[in-house]
Amino acid sequence: MEKVDGELEVFSSILMQEYIRLMTAAAYHQSEGQQSTFVFDIAPSDYEKMRAEPLQTALLGLTLEYDAANSRLNVTPEAEFIEQYQNAIMKDVAEKYFTNYAHRYDKFIRFVPAP
């Protein structure tokens, strides 16, 4: 996976979902399993567009709770999701994604690190 320069200019529901999935997996490992919920900033209109996408497979195994008033998405990985990212290859993919794509989608969605 190569590093990408610049932000994505065109909204893509599927890419937003994949961003949530891989950023959550990487952040879970970075917290050494201590953090159970991960936060993203996403505007209500972008959240609605993402959820309107018929394909939601990237979000399988994740519980989403959206607070439209604060534009905050709380994501909690379920046990089967965590299990998928326990092997070294999947963990490495998530961590490289976290490094290379952390700010790629800032125009639409942003991971909020734990305080």
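Helices (H or I, at least four residues) and strands (E, at least two) are DSSP runs, numbered from the N terminus. The structure described here is a predicted model, in which local features need pLDDT of at least 70 and side-chain atom pairs count only at pLDDT 80 or more, while totals for chains, interfaces and linings use all residues. Residues are numbered from 1 along each chain as its sequence is written, and side-chain values use heavy atoms, with hydrogens and water left out.

**Backbone**

Most residues other than glycine have a negative phi. Serine 71, although not a glycine, has a positive phi of about 55 degrees. Serine 71 is found in the loop between strand 2 (62-67) and strand 3 (72-77). Glutamate 32, also not a glycine, has a positive phi near 55 degrees and belongs to the loop between helix 1 (13-30) and strand 1 (38-42). Burial is judged by relative accessible area: buried means under 20%, exposed over 50%, and partly exposed in between (1.4 Å probe, protein chains only). Glutamate 32 counts as exposed because its relative accessibility is 69%, and serine 71 is partly exposed at 22%.

**Salt bridges**

Side chains of opposite charge can pair when their charged atoms come close. A salt bridge is a side-chain nitrogen of Lys or Arg within 4 Å of a carboxyl oxygen of Asp or Glu. The whole structure holds five salt bridges, including those in the table.

| Pair | Closest N and O atoms |
|---|---|
| Glutamate 9 and lysine 107 | 3.1 Å |
| Aspartate 41 and arginine 110 | 2.5 Å |
| Lysine 49 and aspartate 46 | 3.5 Å |

Aspartate 41 in strand 1 and arginine 110 in strand 4 are 69 residues apart, so this pair links distant parts of the chain. Asp41, Arg72 and Arg110 are linked in a network of salt bridges. Lysine 49 and aspartate 46 both lie in helix 2 (residues 44-52), three residues apart, about one turn of the helix. Aspartate 46 is buried at 9% relative accessibility, whereas lysine 49 is partly exposed at 43%.

**Aromatic rings**

Rings of Phe, Tyr and Trp (its six-membered ring) pair if their centres lie within 6.5 Å; planes under 30 degrees apart count as stacked, over 60 as edge-to-face and the rest as tilted. Nine aromatic pairs are found in the whole structure. One of them joins tyrosine 19 and phenylalanine 40, which is edge-to-face because the planes stand at 70 degrees, with the ring centres 5.9 Å apart. Tyrosine 19 and phenylalanine 40 are both buried.
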